[in-house]
Amino acid sequence: MPTRETVEAFVAQVLSGEHVEAIRDWYADAASMQENQAPPRVGRELLMEHERQALARSAGVVTELVSPVIVEGDRVAIHWRFTFTSKSGRETSFEEIAWQEWRGDKVWREQFFYDPAQMQRATATV
């Protein structure tokens with residue numbers, strides 16, 4: 001079970017723009033991430049590579065914490081907003097809830113809940 005300070009350090013790293021580094025530093029070797037009901041991606045190296053590729057598709061991203069983080073035992077809920085700037089300069093915002101299961105001080109499982117229409121709107125405007 002993570003301490004609140006541990007979770008806050010993880011959130012601070014993500015907010016600073018160190019998305020790939022946060023996965024490297026805070027996720028277990030066999031961690032998984034799942035987008036809504038899609039099959040999960042498994043393994044920290046795969047998660048880092050997926051994040052690198054996602055970030056490479058845009059010119060930049062600003063990450064915001066929308067509401068206070070909830071820490072309850074080994075469960076953590078985070079409401080994020082990401083504002084992506086496309087390579088053509090257009091900005092698009094995307095919100096999600098990250099539902100995490102921690103084991104000690106590492107994220108073990110993470111599932112993202114969001115409206116997929118946000119992605120369709122972003123693709124249509126880029």
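Arg41 counts as buried, at 15% relative accessibility, where buried means under 20% relative accessible area, exposed over 50%, and partly exposed in between (1.4 Å probe, protein chains only). The side chain of Arg41 meets that of Glu35 in a salt bridge (3.0 Å, N to O), and Glu35 is partly exposed, with a relative accessible area of 22%. This is a predicted model, in which local features need pLDDT of at least 70 and side-chain atom pairs count only at pLDDT 80 or more, while totals for chains, interfaces and linings use all residues. Residues are numbered from 1 along each chain as its sequence is written, and side-chain values use heavy atoms, with hydrogens and water left out.

**Salt bridges**

- The structure holds eight salt bridges, a salt bridge being a side-chain nitrogen of Lys or Arg within 4 Å of a carboxyl oxygen of Asp or Glu.
- One of them joins the side chains of Arg44 and Asp29 (2.2 Å, N to O). Arg44 lies in helix α3 and Asp29 in strand β1, so this pair ties together parts that are 15 residues apart in sequence.
- Arg44 is buried, with a relative accessible area of 18%, whereas Asp29 counts as exposed at 57% relative accessibility.
- Arg81 and Glu64 also meet through their side chains in a salt bridge (3.5 Å, N to O). The pair links distant parts of the chain, with Arg81 in strand β5 and Glu64 in strand β3 (residues 60–65), 17 residues apart.
- Both partners count as partly exposed: Arg81 has a relative accessible area of 24%, and Glu64 has a relative accessibility of 31%.
- Glu64 and Arg81 are linked with Glu95 in a network of salt bridges.

**Nonpolar core**

- The largest nonpolar core has 27 residues, and those with the most contacts inside it are Phe10, Tyr27, Ile78 and Trp80. A nonpolar core is a set of buried Ala, Val, Leu, Ile, Met, Phe, Trp, Tyr and Cys residues joined through side-chain atoms within 4.5 Å.
- Two or more residues of this core come from each of α1 (4–15), α2, β1 (27–35), α3 (44–56), β5 (75–85), β6 and β7 (106–113). Helices (H or I, at least four residues) and strands (E, at least two) are DSSP runs, numbered from the N terminus.
- Phe10 is in contact (heavy atoms within 4.5 Å) with Ala22, Trp26, Tyr27, Ile78, Trp80, Gln100 and Trp102, leaving aside its neighbours within four places in sequence.

**Helix α2**

- The buried residues His19, Val20, Ala22, Ile23 and Trp26 belong to helix α2 (residues 19–26). They lie on the same side of α2, because they cover an arc of only 160° around the axis; the arc is that of the directions from the helix axis to the C-beta atoms.

**Surface features**

- Ile97, Trp99 and Phe113 make a nonpolar surface patch of about 250 Å². Patches are made of residues with over 30% relative accessible area and no salt bridge; like charges are joined within 9 Å, and nonpolar side chains (Val, Leu, Ile, Met, Phe, Trp, Tyr) within 5 Å. Accessible areas come from the Shrake-Rupley method with a 1.4 Å probe, and for residues only the protein chains shown count as cover.
- Ile97 lies in strand β6 (residues 91–103) and is partly exposed, with a relative accessible area of 31%.
- Gln53 is placed in helix α3 and is partly exposed, with a relative accessible area of 44%. The C-alpha atoms of Gln53 and Gly104 are separated by 28 Å, the two residues being 51 residues apart along the chain.
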